[in-house]
Amino acid sequence: MARWCFRHRLVVLVLWVGALFGLGFTASTAGTDYANVFSLPNTDSKKAYDLMEKAFPERAGDTDTVVWKTDEGSVRDADVRSRIEPALDEIAGMDGVGEVASPYAGERGAAQISEDGRIAYAQVTFREQANAVPKELIEDVVDTAQAAGGDGLQVELGGQAIARTQEPPAGTAELVGIVAAAIVLFLAFGSLFAMLLPIVVAIAGVGTGMLATMLLSHVTNVPEVAPLLGSLIGLGVGIDYALFIVTRHRRGILRGASPEDSAVTALNTSGRAVLFAGGTVCIALAGMLVMNLRFLDGVVIATSLTVVLSVLAAITLLPALLGLLGTRVLSRRQRRKLAATGPESEEASGLAARWSATVQKRPRSVAALAVVVMAVLALPVLSIRLGATDQGNHQDSTTTRQAYDLLAEGFGPGVNGPLQVVVEGVAPDSLVSGIEATEGVAQVAAVPPANGISVINVVPTTSPQSEETDVLIDRLRDDVIPEAGVEAHVGGVTAVFKDFASVTGDRLPYFIATIIALGFLLLMVAFRSLVVPLTAAVMNLVAAAASFGVLVAIFQWGWGTELLGIGKEGPITAFLPVIMLSLLFGLSMDYQVFLVSRMHEEWVHTRDNARAVRVGLAETSRVINCAALIMICVFSAFVLSGDMEGAMAGIGLAAAVALDAFILRTALVPAAMHLLGDSNWWLPEWLEKRLPHLAVEPKEDAPVTEPAAPEGGAAVIHGYIRSADGSPVADAAVTLMSKGGRQVDRVTSLADGSYIVSVPAPGTYLLAATASAHGARARQVVVDGEPVVYDMELTEDEVDAVN
């Protein structure tokens, strides 16, 4: 498939561009229909919601609030009313506004004026839900209301629809993430074209994924946060997957393969790993279905679809782009060096190799230090509290936050999250009086029955995010309502999120067990080991605990929230642990597969665990750290998304990736594998026979232990190295490599130009020769078990692409 895409690159490009523009046109024509379905079946808040919907079917639209405060006098004064009432009348007359409940509307509105008379609010009910209200209408409402302010009168607005006016331009977070990733890629590759490849591939995958999600929102419930999370994970994995393949392709060209052969080999090795890694991410995301929460179904669809399309772009669009670029995927300096000096050494060198040697020498010290760091970072997770964010968590400068604070100042903090006690039939007086007498209740108002349903509005004394409010809900359900001897249900947004957090907490252990078990089985089949997947499972749990510790410290304890520009501290959003654990598990598996597959390859060759771990870490740590740095840039940029859940997911995943790549995969995992020794690769014989065979790498790149020599002695390749004029070349470096790029033998030619290299087994090999004064050459040689005679002529003007 890679070869076909490489040779038919224009066809592939046209198909991708056509798909992108076709989906874009269709999605822009159809629009979106996102639905935030937070309600849960068989919960008290869901029963209350169903009864409320039956009682007041006309109140389907979003209700927002206009709040004003006067510095002097009362909001009842004529000068205040003369400015506010015309503004409210104008808003009520706007097309799309259903009703405006003014505090100046007789007795009904009296409750909307604070006791000291300095703060009042009006409720604006739109005809549509917040997402469906035209943004121009919302902006008109905001401008009209705030125009009445000034000269000692403060006017602020709050609500779901109003919050949309504060969102940054769509795509800001994605754009910042892409620019940051581009800088990292340019520093890593030193080539503009190589830098652009992963970016273009990721944009193609994420673009088609987001547009397809927009269309799917018309046929299934997709929450508004789903496309944000889809683009977050899609950008991260899309860039990383392309990075792995491009890195392998560049290495192939540097070792002498033609651009086509190098691309085919890269897709047949790293491309297989990308397929495997993408599959594990999708399996981890599908694990969310275990939670049986309707809200998460749309998240699974959006994120999985984006990952699948990102993988598809990496294995089809990328080889087509590699075909367009040819050797320009290398930097100019690399191309010049290639022509001048020939082959690169296969032995890893530099900082990565030195660090790998350090881990081998001091595995206990490295492991102990890594465990201490992770344990300290994980400590805050012990105080994690799940709940919901609201406009009280917005930044101080926003009108929604100021409206929230004004309401809390004038009417108590509970007014921002009122509860509804819903009764089928007439609510008995004993229930109303029992609620009034309950500790934690500030205000009670019984609404006349409608359609056979009675509603009692309850305003708590504490804020919606307060633990005391949770206690009040439990007290009403467990004590007050049963004592009144009536069947009633406690609803409202605060109760819904409390139930959501409760259900999430109850089902989370099953979810974690499912994704850990799936990961264990996948790694066991791939690496034929019990210890490697067990180590990975423990590391995933450690990474999750530490990343949630960071999340709690920032978002729940408030360490640096204002500095980061993400508003006020509060509980961790109830659905976030499920989504983050899915994504974290998938990304951790990516790095684990990439690291351990190289170690496993070396182990199969040498049966030397210490060498396998050292070489695997030395050769993969650089690209893992580079990939992690890109993901950190992409995820951190989602602080700019204007969405608190997006910011939480971005910071949490950035912390998780940083800890996973820089501490776990490059320190704790290799240190533990050094300490465990050969037992890393232990698998009982009875299990070995029953497990299916699944190789991440193709067969030719994972040869087994050194085979026995063929009959008649070891096979060899021998011949002469000569210059263009036929004279012998002495001291030429002659290297024999396997098809996957592994060095098999290396010798120096004698004074008469002769050489001989040994061949371990029949197959296709790459024979490369280079001499400083004569240039380089590389050719494929097929060995069938008999000695092969092969002479090579070195010419100064030939570029040895393999080396």
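How far apart are the mean positions of the positive and negative charges of the protein chain? They are 11 Å apart, for 55 positive and 84 negative charges. Lys and Arg count as positive, Asp and Glu as negative, with His and the chain ends not counted. Each charge is placed at NZ of Lys, CZ of Arg, CG of Asp or CD of Glu.

This is a predicted model: local features need pLDDT of at least 70, side-chain atom pairs count only at pLDDT 80 or more, and totals for chains, interfaces and linings use all residues. Residues are numbered from 1 along each chain as its sequence is written, and side-chain values use heavy atoms, without hydrogens and water.

**Overall build**
- The C-alpha trace spans about 110 × 50 × 40 Å along its principal axes.
- The chain has 25 helices and 18 strands. These are DSSP runs numbered from the N terminus (helices H or I, at least four residues; strands E, at least two).

**Packing and surface**
- Of the 803 residues, 56% are buried, meaning under 20% relative accessible area with a 1.4 Å probe, protein chains only.
- Among contacts (heavy atoms within 4.5 Å) with a separation of 6 or more, 76% join residues 24 or more positions apart.
- The accessible surface is about 33,600 Å², and 57% of that belongs to carbon and sulfur atoms. The Shrake-Rupley method gives these areas, with a 1.4 Å probe.

**A nonpolar patch**
- Phe186, Leu192, Phe193, Leu196 and Val200 form a nonpolar surface patch with about 420 Å² of accessible area together.
- Helix 9 (residues 192–216) supplies the largest share, four residues.
- Val200 lies in helix 9 and is partly exposed at 38% relative accessible area, a class between 20% and 50%.

Terms used
Patch = residues over 30% accessible without salt bridge, like charges linked within 9 Å, V, L, I, M, F, W, Y side chains within 5 Å. Salt bridge = Lys/Arg side-chain N within 4 Å of Asp/Glu carboxyl O.
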